[in-house]
Amino acid sequence: MKKHARIMVHGKPFFTLGGQTRNSSSYVLPEMRRAWASVKALGGNTVATPVPWDAFEPEEGQFNAAFVTDLIDAARAEGLKLVFLWFATWKNGTMEYCPIWVKKDTKRFQRVLHKDGTVIHQLSAHSRVNLEADKRAFCKLMQVIRDYDQEEQTVIAVQVENEAGILGGTRRDFSPLGEAAFAGSVPGYLVDYCKAHPETLLARRWQKAGAAESGNWVQVFGRYGAEALTAHAIASYIDEIAAAGKEIYDIFLYANVWLDGGSRGNNLNLAGIDWPAGCATIRNVDIYYATCKALDTIAPDNYQMELTRYNEVTRAYAHPENGFPLYVPESHAGNLNATLMFDAIANYGAIGYHIFGTESCVAPDLETLNPHAELMMHSMRMLTAAMPLLEKYQDTPRIHAMVQYTGEMGQVIEDVDGNWKLAVSFGRSGDGWPATDFRHDKASREEGQGIMDPTVEKARGLIFQVADNEFYLVGHKCRVNFAQQEPLDGSIPLTMAHPGMLPTNANYLSVTEGHFDEQGAYVVDIVRSGDEVRHGIWCQYDVGVIRVLLD
Ligand code: DGJ
């Protein structure tokens, strides 16, 4: 089965940037108006919203195609793309979005059982009947999207289930189906994966348990065996649904993740309590990587509020070499995310970024952004301005991130050809003068303030080097000076000896602010020269794309 490395629209990569609605917005179409308005005010291009199984198949075998096509029509009218979220067997470790005819039939649709026989309000991943019912409805959904949208391609991706796993105080299903699976053998390909990827957490667990070539789940994975079984059952279930859906309409499909505590841990690190057991968490993701052949990626809901935890998630889910690119379907509109998304995009190849609960970003007038969303608006506007460059240069060494960590005053970026050094300053220019232009007087006065304060908006941006001497920049609260690499003979040219001399000695052929037109051509809006360049190439989110041509 073919896997997609990127989300594509009309055969070209499409970087999705936007917001996910709250869980209940799509049930009543007019409720979507805040979501459309919010994503437009933020400067994004996509709304992600649920197609709940209970709304799509309210009676068995009777499908509500209009639920889907009405949403597509509305998104088109707003000029936005859609990601559909298939809330079915799993929604955050529950079966809340299953139709009533499924919820009421506990005999046909097997539930997860506790060890003491208590029935948990969740469908068992070991039941073929459950899987077939979900799959049939998902295939119908893909057919409706295909028939209505394959020309226009408003729907760009579909999420299969939501944060799948068992959240009910058990690490596995103790029903007769679950017991049989627990007593069964671990598939050989999981052992092969451990051998091929000895550095992974899964392989380390396997080694610790004795590196058995075969056996049941506990024999092969020790104490982790019970959750490994659940992860494998869920990964297989979701991937089978994805494969069947792709046969009907081949667009980007992914599964999202309720994260575990990563390497630092949370509470007692108990699957089934601290996160849904079997979800594609950092500790389980390799089982998904080994098992899933149809899903295009496994996507973390990255709400982490702390730098090292945030970065750990970015790295754990960026595996394009295994066929699983980084995609962040849910995150927050806060400072950390608005900053680190630039690192994820430039350094880890993130193919899209969404925030959750986008409705809360916009005021009741549907135009004014609420203050907490401003930083995200800055980020989205920068990324949108640079979209043609992003879609062209992502996954190449020609894209660089400027990212300020709390306490940092600067960063040095070396260009791909080894000719240039780019000195990025997060404070004031080398000569200490915080000049920008008349439009940014307030920004100039505030530049460099709050470097040590994690709650103050941090500097960030992207630099694209499209030719040896041609750079495009989008950024905020930072300025860049360009210098030639130092000579091999050990000397330091006078032009590099004092930071204040850098801008005056840079041989700019041209510095402009501009935008890309519909055809992707760069259009100059403002020329910068004299005072506007003599303190470095300063970047603010609202100046569009800065082009720098050097001699
Ligand atoms: C993650 C889930 O995937 C979303 O559907 C939503 O419930 C958010 N959590 C709420 O924080």
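Colleagues, a word on conventions. Because the model is predicted, local features need pLDDT of at least 70 and side-chain atom pairs count only at pLDDT 80 or more, while totals for chains, interfaces and linings use all residues. Residues are numbered from 1 along each chain as its sequence is written, and side-chain values use heavy atoms, with hydrogens and water left out.

I begin with the ligand. Which residues surround the ligand? They are Asn23, Lys91, Asn92, Asn162, Glu163, Asn256, Asp301, Tyr303, Glu330 and Phe356; a residue is near the ligand if one of its heavy atoms lies within 4 Å of it. Sorted by class, this shell holds four charged, four polar and two nonpolar residues. Here Ala, Val, Leu, Ile, Met, Phe, Trp, Tyr, Cys and Pro count as nonpolar, Asp, Glu, Lys and Arg as charged, and the others, Gly among them, as polar.

In Glu330, a side-chain N or O atom is 2.6 Å from an oxygen atom of the ligand. For Lys91, the distance from a polar side-chain atom to a ligand oxygen is 3.0 Å, and for Glu163 the corresponding distance is 3.3 Å.

I turn to the protein interior. In soluble globular proteins, nonpolar side chains tend to be buried together. A nonpolar core is a set of buried Ala, Val, Leu, Ile, Met, Phe, Trp, Tyr and Cys residues joined through side-chain atoms within 4.5 Å. Buried means under 20% relative accessible area, exposed over 50%, and partly exposed in between, using a 1.4 Å probe and protein chains only. The largest such core has 127 residues, and Phe221, Ile298 and Tyr317 touch the most other members. Which helix gives the most to this core? It is helix 10 (residues 225-248), with ten residues; helices are DSSP runs of H or I with at least four residues, strands are runs of E with at least two, and both are numbered from the N terminus. Domain 1 (8-106 + 128-167 + 230-385) and domain 2 (402-550) each supply at least three residues to the core, the bounds coming from an automatic or database domain assignment.

Glu161, although not a glycine, has a positive phi of about 70°. This residue is found in strand 8 (residues 155-162). Is Glu161 buried or exposed? Glu161 counts as buried because its relative accessibility is 0%. Asp395, also a residue other than glycine, has a positive phi near 70°. Asp395 lies in the loop between helix 15 (387-393) and strand 13 (399-403), and at 56% relative accessibility it counts as exposed.

Finally, two residue pairs. Pro329 sits in the loop between helix 12 (307-316) and strand 11 (330-331), and it counts as buried because its relative accessibility is 1%. Pro329 and Ile355 are 26 residues apart in sequence, with 7.0 Å between their C-alpha atoms. Tyr348 belongs to helix 13 (residues 335-348) and is partly exposed, at 24% relative accessible area.

Conventions. A polar contact is a pair of N or O atoms within 3.5 Å; within protein, one must be able to donate a hydrogen and the other to accept it, and residues adjacent in sequence count only if both atoms are side-chain atoms.
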